[in-house]
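Please read these points with the model open beside you. They go from the overall fold to single residues.

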Amino acid sequence: MTAEASSVDPRASILLVDDMEDNLVALEAVLGSLNEPLVRARSGEEAMKALLRRRFAVVLLDIRMPGMDGFETATNIKRLDQTKDVPIIFLTGTDADAGYAFRGYATGAADYLTKPFDPWVLRAKVTVFLDLHRKNQQLERLLAQEQKQFDALAARMDSLERNLAQHPDTEVRALRHDMVRMEETLRAMRRP
């Protein structure tokens with residue numbers, strides 16, 4: 001993942017993928033009130049490039065597109081480690097094949113809406129994924145902070161153990177043995 005994609009952005013970007021300008025404008029009109037960055041992609045290929053450049057809270061993905069369709073795009077999104085956890089909401093027209101919903105979920109979609117969609121329903125669904133994204137970012141920050149604390153404690157214990165190793169007193173050597181056991185426990189608790 002690039003440095004830009006791995007940096008923590010307090011705002012949760014939303015990727016809008018549709019080959020039709022009118023559909024992108026409609027999505028922007030519905031989701032603009034969420035005050036989050038809306039990024040457009042006019043094809044599956046553009047969507048993949050955008051996903052590799054930055055993190056997204058959710059992808060709204062049209063199924064019917066020339067070239068790489070929505071199903072193929074979703075398959076590629078779910079295949080990559082850095083994008084596999086991004087939720088996808090499939091969007092398709094009302095004349096779509098009934099099997100589209102099943103195929104969409106089988107491809108890894110988190111949800112599925114038909115056009116024309118209810119703006120309130122779409123906004124509510126996207127809001128859920130935005131909240132989940134923020135909670136995941138908060139958890140990542142807490143885990144990174146915990147890891148730094150473990151690393152600092154391990155370094156301090158290592159320094160103490162080296163100092164105790166040089167002491168000739170038997171009781172100090174016993175204390176050193178206890179320190180080594182504590183250090184092993186600490187290493188077992190640290191995340192890889």
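1. Basis. This is a predicted model; local features need pLDDT of at least 70, side-chain atom pairs count only at pLDDT 80 or more, and totals for chains, interfaces and linings use all residues. Residues are numbered from 1 along each chain as its sequence is written, and side-chain values use heavy atoms, with hydrogens and water left out.

2. Overall fold. The protein has seven helices and five strands. Helices (H or I, at least four residues) and strands (E, at least two) are DSSP runs, numbered from the N terminus. Read from the N terminus, the order of elements is α-β-α-β-α-β-α-β-α-β-α-α.

3. Burial and contacts. The protein has 192 residues, and 39% of them count as buried. Buried means under 20% relative accessible area, exposed over 50%, and partly exposed in between (1.4 Å probe, protein chains only). Take the contacts between residues at least 6 apart in sequence: 62% join residues at least 24 apart. Contact means heavy atoms within 4.5 Å. The accessible surface is about 11,200 Å², and carbon and sulfur atoms hold 55% of it. These areas come from the Shrake-Rupley method with a 1.4 Å probe; for residues, only the protein chains shown count as cover.

4. The sheet. Five strands form an open, parallel sheet, ordered β2-β1-β3-β4-β5. Two strands pair if DSSP finds at least two bridges between them. The edges are β2 (38-41) and β5 (111-115), each pairing on one side only. Neighbouring strands are turned by 20 degrees against each other on average, direction ignored. Axes are lines fitted to C-alpha atoms, for helices over the stretch in contact, and angles run from 0 to 180 degrees between N-to-C directions.

5. The β3-β4 pairing. Strands β3 (residues 58-62) and β4 (residues 88-93) run parallel and are joined by four bridges. L61 has F90 of β4 as its bridge partner. L60 stands opposite I89 in β4. Strand β4 is mostly covered, with five of its six residues buried.

6. Helices on the sheet. Helix α4 (residues 70-79) packs on the sheet and touches β3 and β4. Its direction makes about 175 degrees with that of β4. Helix α5 (residues 99-107) lies across β4 and β5, at about 145 degrees to β5.

7. The covered side of α4. Which residues of α4 are buried? They are G70, F71, T73, A74, N76 and I77. Their cover includes α3 (44-53), β3, β4 and α5. An α-helix has 3.6 residues a turn, so residues three or four places apart point the same way.

8. T73. This residue sits in helix α4. T73 is buried, with a relative accessible area of 0%. Beyond its neighbours within four places in sequence, T73 is in contact with G44, A47, M48, L61, M65 and M68.

9. The start of α4. D69 caps the N-terminal end of α4, with a side-chain oxygen 3.1 Å from the backbone nitrogen of F71. A polar contact is a pair of N or O atoms within 3.5 Å; within protein, one must be able to donate a hydrogen and the other to accept it, and residues adjacent in sequence count only if both atoms are side-chain atoms.

10. The aromatic pair. A search of the whole structure finds one such pair. F71 and F90 form it, and it is tilted: 5.4 Å centre to centre, with 55 degrees between the planes. F71 lies in helix α4 and F90 in strand β4, so the pair ties together parts 19 residues apart in sequence. Rings of Phe, Tyr and Trp (its six-membered ring) pair if their centres lie within 6.5 Å; planes under 30 degrees apart count as stacked, over 60 as edge-to-face and the rest as tilted. F71 is buried at 3% relative accessible area, and F90 is buried at 0%.

11. Backbone points to check. Most residues other than glycine have a negative phi, and most peptide bonds are trans. N35 has a positive phi, near 55 degrees. N35 lies in the loop between α2 (21-31) and β2, and is exposed at 58% relative accessible area. K115 and P116 are joined by a cis peptide bond, with omega about -5 degrees. P116 is in the loop between β5 and α6 (119-165).
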